[in-house]
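Thanks for coming. I will walk through some local features of one model, and I will give the cut-offs as the terms come up. Please have the view open.

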Amino acid sequence: MTKKNRMFSQKNFENPDKSLRPAPFWSLNGELKDDQLLEQIKFFKEIGFGGYFMHPRPGMRTHYLQEEWFDRVKFMVKCGEDADMEPWLYDEDSYPSGFASGLVPAARPELRACALCLIKPAAEVKYNKIIAEYGAWHETTGKYSGDYEIVATQATGGFPWFNNQSYIDTLNPEAVKLFIEITHEQYRKRYADKFGKTIPGIFTDEPHHSPMFTDTAIAAMPWSPLLPAAFKQKYGYSLTDNIAGLFFDTANADGLRFDFFKLVNEMFIENFCKPMFDWCEQHRLELTGHFWEHSYPAPQSQASIMTPLKYMQRPGIDLLGRDVDKFSFYNDKLPHQTGNWQMVKVAGSVARQYGWERVMSETWGGCGWNQTLEDHRRMADWEIILGVNYIVPHLAHYSLEGFRKSDYPISFSRALPYYKHLRGLNDHLARVCYSLTRGEQPSRLLVIHPAANNWINWRERKKLDVNAVALETLTRQLVCSQFEFDFGDEPLLQEDGWVKNGQLGVGNVGYDVVIVPTTATLFSSTLELLRRFVDVGGEVHFYGDQLPNSLDGRLSDEIAAFAKHKNVTNINDFATLEIALKAVIERPVTIESPGRIMSTVRLDDERVILFFANYEKAEQVLTLKFSSGGRLYEADTVTGVIDAIPTSDADGKNYQFKLFSGNSKLVILDKSETAVHKTLCAADIKTLLTFDGPFEYERLDDNIMLLDHCCYHINDEAPSEAMQVEKVKRQFRERYDWIYCNGIRYPREYTRYGVDGPRNTGDTLTLAFKFDIADAVDASEIRLAVEVPERWQIVVNGQTVADVNGDFFMDHCFGVIPVGELLKSGNNKILMTTPMIEDVDPDNIFLLGDFGVSLNRGVPFISTEPATLNYGAITTQGYPFFGGRIKYRLPFILDEEIEQAVLNFAGMGGVPVFECQLDRQSIGNISNAPYQLELPRLTAGEHLLEITLYAHLRHLFGPHYIEEYGNNIMVACPHYNLVYDGQREESLKFVACDLLSGIEILTNFQHKPVEN
């Protein structure tokens, strides 16, 4: 993109291109039907998505890589073209990429994944076969004498996740060659004319070189049968003769490990990453996705988390998990995904260095059904500041049938009660991403990312974690001190590093200052670059308590000698480092605040574009100090409106803001314009009135009663005790030797039953759900929601129910059946009977209607609804499973007219969004800080404030029996809903869904600025 194209445009800010809008992982997890596909694509467009990734996912019944699959892809591509959206391809079913749903290892068994394992003598090598033995080792004597065995193994296949096959050897070029032939070439044959036009690119998901299927090994390393010969050719000595050093601290262990992982990294790049990149480049597609960076700092899955990203036209990362204290500046642990600052920063660094415009993040997976709009925005803002500019929401489920609803939700679908409010979130993200792809990022600082430290210390996890946390802390400190910087990968420095014009560079970007963080070793090639750099005036700072003592894993005193150069310093505290950096690096803007502020800057010829956020616990008053004067604008990323911000500063360089906790702002300083000078008066805030409950209310959607316990029997056997439906499922699947694993019924839905289809045992399964209805409840209009009701015979209180009425609840899989006339006060029973066929997949059922739900010793029953609601959790006021809207009515009377006023909330209370109306007119929505809305002029007399609470779906879809400690990471992974003996409590667990007390109206909220 030329410099001219990178200039900020208000028109383009207001209406960002589709390519800047989020595009979800579309979980294609059922039988794909054109009408449902089209309906969901229209929905994506409605809520502001710019495209979608056509992602085969657990539960898909359409045959992958067969004509029916390609027909559906053709249809989805055409729908995207008609809707002016971007349909992206995805290269696997479902992940990690490379095995082509099992077709690669099935065709070429010698390409199966391998591992190098340390085992006890004669130990079973579970899942694998031994393909080579490299001797027995005695740890005490350091000789080959028999305490341990080192063996190379290869997967035997039969893994349900890999469609009864295995993963592949990604170090073998034949594997990716066959993968591309089976997968990518099939898309090219059919849609080549759409490549680079309608279809922007293809997503690859978590390819890696991890030693898989090594449960019984003491330790394991990546392996390929090609490694020994390649090692000997590259280094001139035998890997197999010295192999004990990979696992034990032999005399040459560090050097051996350095050489081993360096070669593994190079083979992964040359034999997997580069062919994928080259194929996409040749066919005008962008390769995006991510590798297995989650395992960092352990190097077995990905020796370097940076090197492979060079070989993506749109490099990316994966961020699973919740918006929690993992953001914390003070966290002394290394989060593996959300909250890992350096993992995000490395992707943006590689993109800058190699000229890639966009950085992708697979975001919000496993956040759970109670993730709020505020959570979404906080997480995305955080990673955008660190370098991401393309958000891929995880997931948009095609179907929520059965286990699918537990597949790393949240789900961006019409099931969400607040789905229409996703438009504002997506507009915000698109406008921020647009703004931060304008101009240039002024990075003059390079931080070496010390992958080799992890190579030589891979067996000592504590040592790895200490260094990784130290680097994470340095990353946070640099970001919050407003230093724009990039990480430098040593393998990429060796390949593409340079020194010229007084700078040390990687790829397309040069740097004036280099920081070498704590590490035990450096590449010798890195030291040579640093020598040349300081000799031409560059600055190098070793940061940490001690200098590296080795090169390429071998002890060396060369670094100590280098550290005596006049342009090299050794600093062990950040305050000193910050002073040294400020002396060299002029920042275009600094933020003065009592706490830490995250920020990032872009510069074009006329503007300074600044995006910043407050992740401290409290609001902050801060001052922006620009190095050049000009007129400052605040760009409202939700509405698209850009307004000038006044300042009382004479030269137009200083601007003050109040920034609430969790809030972010985008401001633009136009250096070609003069500042708006005004005297800013202090706010004089007064509380006009505070609302006290109880409140009249209106429930706008059906209440819901969850039925997730039942008795069951097969044929005429005696009924079981009451248990969770999931436990029923486990018991009968184990009885028939049907798979029960991972919460996902693998092998693939479309192949697991073979030619003859799912097995029919000839038996009959009956589930019996029992529940109570209080005497005063009118049950006549109650309806029953059941997944795939056509496969069940349903009997309510002894009477067989009629067919479903054609309605559905939340998702197409839930049929709705009127049953009210069959219900009674007191005890009720629903019997559901079906032939015991292998694909039977019972799940919880729901009762819908006008009623309350109460708990009797933890057991829910249908009760009368309360006449009023108080502040606090709706779960304790008749709505423990509710997933819809409740409108609270707050009338008030004013004695006099109020010209300026603000409606103020204490917070969100776990609620995704509140809609607010005053006197039947909308006054806006509240979904994030500062939890305030400006009110129109208030006349004297009676008024009605109405607040509509949108509930989340956690209490409906679960997990129902997991205590959420704080905001636990991946609160709703598939395995969280599985049931094993002794592993699940039986008491329901609830999370926040509250109208917090203290809603108030404030007056004189802000005096108008006075013209100077």
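I start with R857, which is exposed, its relative accessible area being 85%. By exposed I mean over 50% relative accessible area, by buried under 20%, and by partly exposed anything in between, using a 1.4 Å probe and protein chains only. Before going on, the ground rules: this is a predicted model, so local features need pLDDT of at least 70 and side-chain atom pairs count only at pLDDT 80 or more, while totals for chains, interfaces and linings use all residues. Residues are numbered from 1 along each chain as its sequence is written, and side-chain values use heavy atoms, with hydrogens and water left out.

Back to R857. This residue sits in the loop between β46 (852–856) and β47 (859–863). Helices (H or I, at least four residues) and strands (E, at least two) are DSSP runs, numbered from the N terminus. R857 is not a glycine, yet its phi is positive, about 55°. N797 is another non-glycine with a positive phi, about 50°. Its loop runs between β40 (793–796) and β41 (799–800). N797 counts as partly exposed, at 25% relative accessibility.

Still on the backbone, there are cis peptide bonds to point out. One runs from A929 to P930, with omega near 15°, and P930 is in the loop between β52 (921–926) and β53 (932–935). Another joins G958 and P959, with omega about 5°. P959 belongs to the loop between α19 (954–957) and β55 (994–995).

Now a loop with buried residues. Both T307 and P308 are placed in the loop between β9 and β10. The relative accessible area of T307 is 3%, so T307 is buried. P308 is at 0% relative accessibility and therefore buried.

What does the side chain of T307 make a polar contact with? The partner is the side chain of N265, at 3.3 Å. A polar contact here is a pair of N or O atoms within 3.5 Å; within protein, one must be able to donate a hydrogen and the other to accept it, and residues adjacent in sequence count only if both atoms are side-chain atoms. Leaving out residues up to four places away in sequence, T307 touches N265, I269, D489, P491 and L492. Contact means heavy atoms within 4.5 Å. P308 and F272 are 36 residues apart in sequence, and their C-alpha atoms are 9.4 Å apart in space.

Next, helix α5, residues 173–182. Its buried residues are A175, V176, L178, F179, I180 and I182. They pack against α4 (103–107), α6 (184–191) and α8 (253–282). At the start of α5, a side-chain oxygen of N172 comes to within 2.9 Å of the backbone nitrogen of E174.

On to the rings. The structure holds 64 aromatic pairs. Rings of Phe, Tyr and Trp (its six-membered ring) pair if their centres lie within 6.5 Å; planes under 30 degrees apart count as stacked, over 60 as edge-to-face and the rest as tilted. F260 and F261 make an edge-to-face pair, 5.4 Å centre to centre with 85° between the planes. Both F260 and F261 are buried. F612 and F657 are also edge-to-face, at 6.0 Å centre to centre and 70° between the planes. F612 lies in strand β26 (607–613) and F657 in strand β30 (654–659), so this pair ties together parts 45 residues apart in sequence. F612 and F657 are both buried.

One aromatic cluster is formed by W26, F43, F44, F49, Y52, W364, F412 and Y419. There are also charges over rings, meaning NZ of Lys or CZ of Arg within 6 Å of the ring centre and within 35 degrees of the ring normal. The charged end of R190 sits over the ring of F70, 3.8 Å from its centre. The charged end of R314 sits over the ring of Y390, 4.5 Å from its centre.

Last, the sheet that contains β30. It is an open sheet of three strands in the order β24-β27-β30, paired antiparallel. Strands pair if DSSP finds at least two bridges between them. The edge strands, each pairing on one side only, are β24 (589–592) and β30. Strand β27 (620–626) and β30 pair over six bridges, and L624 has Y655 in β30 as its bridge partner.
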